[in-house]
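Trainee: I am new to this one, and I would like to learn how to read it step by step. Could we go through it together?

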Amino acid sequence: MEKPTLIIVFGMIASLVSIASATAGIATFYTNYVPSACYGQQGMGNMVAAAGDTLWNNGAVCGKFFTVKCTGPRNPVPHPCTGKSVTVKMVDHCPNCPSTIDLSKEAFTQIADPVAGIINIDYQQ
């Protein structure tokens with residue numbers, strides 16, 4: 001194989017490994033970021049998220065970064081995904097949320113139309 005072909009093949013393999021390591025979940029969004037369960041009154045910016053009960057683990061997820069990508073709708077809003085991904089810092093807990101990750105509205109808007117309100121996602125730490 002020629003060098004350009006090898007680079008393309010390795011790139012494809014790396015992409016498949018990355019996709020395989022993502023976890024499927026659900027995302028919603030919220031708009032009040034302070035106070036937070038992890039940082040109290042200290043603001044952490046607006047590319048943040050709250051962990052649903054599945055991820056919370058008694059706060060062990062605080063401060064960890066997650067990359068999130070919309071994979072499709074969960075309601076009648078057609079084609080909500082932008083095709084982008086976003087990296088957020090976990091700063092809060094969303095107890096009894098319908099979602100795995102409750103994104104800031106700013107983060108949600110990067111990956112999906114906020115009119116959708118709830119979407120399917122892939123995420124990884």
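**Strands, rings and bridges**

Mentor: Gladly! Let us begin with Ala27, whose bridge partner in S6 is Ile119. Keep in mind that this is a predicted model.

Trainee: In which sense do strand S1 and strand S6 pair?

Mentor: Strand S1 covers residues 23-30 and strand S6 covers residues 119-124. Five bridges join the two strands. The sense of their pairing is antiparallel.

Trainee: And which residue is the bridge partner of Ala27 in S5?

Mentor: Strand S5 spans residues 101-104, and S1 pairs with it in the parallel sense over four bridges. Within that pairing, the bridge partner of Ala27 is Ile101.

Trainee: Let us turn to the rings. How many aromatic pairs does a search of the whole structure find, and what kind of pair do Phe29 and Phe108 form?

Mentor: The search of the whole structure gives three aromatic pairs. In the pair of Phe29 and Phe108, the ring centres are 5.0 Å apart, with 55 degrees between the planes. An angle over 60 would count as edge-to-face and one under 30 as stacked. The pair of Phe29 and Phe108 is therefore tilted.

Trainee: How many residues apart are Phe29 and Phe108?

Mentor: Phe29 sits in strand S1, while Phe108 belongs to helix H3, which runs over residues 105-111. The pair links distant parts of the chain, and the separation is 79 residues.

Trainee: What kind of pair do the rings of Tyr30 and Tyr33 make?

Mentor: Tyr30 and Tyr33 are both buried. Their ring centres lie 5.3 Å apart. Because their planes are at 85 degrees, the pair is edge-to-face.

**Backbone details**

Trainee: Now the backbone. Is the peptide bond from Val34 to Pro35 cis or trans?

Mentor: Pro35 is placed in the loop between S1 and strand S2 (48-51). Most peptide bonds are trans. From Val34 to Pro35, however, omega is near 0 degrees, and the bond is cis.

Trainee: What is the phi of Asn58, about how many degrees?

Mentor: You will find Asn58 in the loop between helix H2 (53-56) and strand S3 (65-73). Asn58 is exposed, with a relative accessible area of 77%. Most residues other than glycine have a negative phi. Asn58 is not a glycine, yet its phi is positive, at about 55 degrees.

Trainee: Where is His79 placed?

Mentor: His79 also has a positive phi, of about 50 degrees, although it is not a glycine. With 74% relative accessibility, His79 counts as exposed. Its place is in the loop between S3 and strand S4 (85-93).

**Disulfides**

Trainee: Is the disulfide of Cys38 and Cys62 left-handed or right-handed?

Mentor: The sulfur atoms of Cys38 and Cys62 are 2.0 Å apart. Cys38 lies in the loop between S1 and S2 and Cys62 in the loop between H2 and S3, so this pair ties together parts that are 24 residues apart in sequence. Because the torsion about the S-S bond is about -75 degrees, the disulfide is left-handed.

Trainee: How many residues apart in sequence are the parts tied together by Cys70 and Cys81?

Mentor: Cys70 and Cys81 have their sulfur atoms 2.0 Å apart, and their link is left-handed with -60 degrees about the S-S bond. Cys70 lies in strand S3 and Cys81 in the loop between S3 and S4, so the parts they tie together are 11 residues apart.

Trainee: Is Cys70 buried or exposed?

Mentor: Cys81, at 31% relative accessibility, counts as partly exposed. For Cys70 the relative accessible area is 6%. Since buried means under 20%, Cys70 is buried.

Trainee: What is the S to S distance in the disulfide that joins Cys94 to Cys97?

Mentor: Cys94 is buried, with a relative accessible area of 12%, whereas Cys97 is partly exposed at 21%. Two cysteine sulfur atoms count as a disulfide within 2.5 Å. From Cys94 to Cys97, the S to S distance in this predicted model is 1.4 Å.

Terms used: Residues are numbered from 1 along each chain as its sequence is written. This is a predicted model: local features need pLDDT of at least 70, side-chain atom pairs count only at pLDDT 80 or more; totals for chains, interfaces and linings use all residues. Side-chain values use heavy atoms; hydrogens and water are left out. Two strands pair if DSSP finds at least two bridges between them. Rings of Phe, Tyr and Trp (its six-membered ring) pair if their centres lie within 6.5 Å; planes under 30 degrees apart count as stacked, over 60 as edge-to-face and the rest as tilted. Buried means under 20% relative accessible area, exposed over 50%, partly exposed in between (1.4 Å probe, protein chains only).
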